[in-house]
Amino acid sequence: MKILLIEDEPDLGSTIQKSLSHHQYIVDWAIDGQSGWEYLTIDPTIYALAIVDWMLPKLSGIELCQRLRSHNYTLPILMLTAKDRMEDKITGLDAGADDYLVKPFGMAELLARMRALQRRAPTFKPDRLQLGNMELDYGNNGILVTDKQGSLSQITLTAKEFQLLEYLMQHPNITLTHERIRSRIWSIDSDAASNVVAAQIRLLRKKLSESGCSPTIETIRGFGYRLICN
Ligand code: CA
């Protein structure tokens, strides 16, 4: 799941990015309001949520919220700010933010607020993702596979394999282009090579097949991939 973080404080931005990455989110980090707006206008459907600081260079968090809502962008917005007076909260919410977190805050609270916002979002997908004989194991960053005899095995995935499989499982039997996968699973400033999607798919496909998973990843030559689940 990809998150847009718009925060100009390097230490806080870096802490949030690391913490979210640790929890299997992919984070694009913009350091001012204007570049945040530009990231979003490339394709707003890439992001599940935006975390927006109130005080930002070039375009403030409030102005950005107002602009997004006036362009009918519906993605959930969580505002970060040091302001904690009631009238500031009202200003933030009136501008179109969905929730509000006052600095300093703990990462556990940020993650909980994010989960709450995602649950309310129209595009929300439940935490339990199951296809064929496999289920994504959010607790252990892996998959649970049931064999023909009904016994369960636990397979560990790397962070990228997990993010990639989650995205494929959210779109079963649909062909996803290389570019679409890359834009959602790798951050915008990633220096990953152009064949990174193909390389990760090969690794994941091997792991699924060796683990006896019934869904398979099909290559659509020159276009992309499809997770086949009958
Ligand atoms: Ca700031």
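This is a predicted model: local features need pLDDT of at least 70, side-chain atom pairs count only at pLDDT 80 or more; totals for chains, interfaces and linings use all residues.
## Salt bridges across the chain

Let's start with charged side chains. Side chains of opposite charge can pair when their charged atoms come close. Searching the whole structure turns up 12 salt bridges.

One of them joins the side chains of Lys2 and Asp28, with N to O at 3.1 Å. This pair links distant parts of the chain: Lys2 sits in strand E1 (residues 2-6) and Asp28 in strand E2 (residues 26-30), 26 residues apart. Both Lys2 and Asp28 are buried.

Another salt bridge brings Arg184 and Asp43 together, at 3.3 Å from N to O. Arg184 belongs to helix H7 (residues 178-185), while Asp43 is in the loop between helix H2 (33-42) and strand E3 (49-53), so this pair ties together parts that are 141 residues apart in sequence. Arg184 counts as buried, at 11% relative accessibility, whereas Asp43 is partly exposed, with a relative accessible area of 23%.

Then there's Arg69 with Asp98, whose closest N and O atoms are 2.8 Å apart. Here Arg69 comes from helix H3 (residues 61-70) and Asp98 from the loop between helix H4 (86-94) and strand E5 (99-102), so the pair ties together parts that are 29 residues apart in sequence. Arg69 is partly exposed at 23% relative accessibility, and Asp98 is partly exposed at 33%.

## The calcium site

Now for the metal. The calcium ion is coordinated by Asp8 (OD), Asp53 (OD) and Met55 (O), at 2.1 to 2.3 Å. Along the sequence, these donor residues follow the spacing D-x44-D-x1-M. Asp8 is in the loop between E1 and helix H1 (10-22), and Asp53 is in strand E3, so the two tie together parts that are 45 residues apart in sequence.

Asp8 counts as partly exposed, at 30% relative accessibility. Asp53, on the other hand, is buried, with a relative accessible area of 3%. Asp53 also turns up in a network of salt bridges, where it is linked with Glu7, Glu9 and Lys103.

Next, some strands. An open sheet of 3 strands runs in the order E10-E12-E11, with antiparallel pairing. Its edge strands are E10 (176-177) and E11 (216-220), each pairing on one side only.

E10 and strand E12 (residues 224-228) run antiparallel and are joined by 2 bridges. In one of these spots, Thr177 has Gly224 in E12 as its bridge partner. Helix H8 (residues 196-210) packs on the sheet, where it touches E11 and E12, and the direction of H8 makes about 145° with that of E11.

## Aromatic pairs

Finally, the rings. The structure holds 3 aromatic pairs. One of them is Trp54 with Tyr100, an edge-to-face pair with 6.4 Å centre to centre and 80° between the planes. Trp54 lies in the loop between E3 and H3, and Tyr100 in strand E5, so the pair ties together parts that are 46 residues apart in sequence. Trp54 and Tyr100 are both buried.

Tyr138 and Phe162 have ring centres 5.6 Å apart and planes at 80°, so this pair is edge-to-face. The two come from distant parts of the chain: Tyr138 is in the loop between strand E7 (134-137) and strand E8 (142-146), and Phe162 is in helix H6 (residues 159-170), 24 residues apart. Tyr138 is partly exposed, with a relative accessible area of 29%, while Phe162 counts as buried at 1% relative accessibility.

Conventions:
Residues are numbered from 1 along each chain as its sequence is written. Side-chain values use heavy atoms; hydrogens and water are left out. A salt bridge is a side-chain nitrogen of Lys or Arg within 4 Å of a carboxyl oxygen of Asp or Glu. Helices (H or I, at least four residues) and strands (E, at least two) are DSSP runs, numbered from the N terminus. Buried means under 20% relative accessible area, exposed over 50%, partly exposed in between (1.4 Å probe, protein chains only). Donors are N, O and S atoms within 2.8 Å of the metal (3.2 Å for Na, K and Ca); water is not among the atoms, so sites may look incomplete. Two strands pair if DSSP finds at least two bridges between them. Contact means heavy atoms within 4.5 Å. Axes are lines fitted to C-alpha atoms, for helices over the stretch in contact, and angles run from 0 to 180 degrees between N-to-C directions. Rings of Phe, Tyr and Trp (its six-membered ring) pair if their centres lie within 6.5 Å; planes under 30 degrees apart count as stacked, over 60 as edge-to-face and the rest as tilted.
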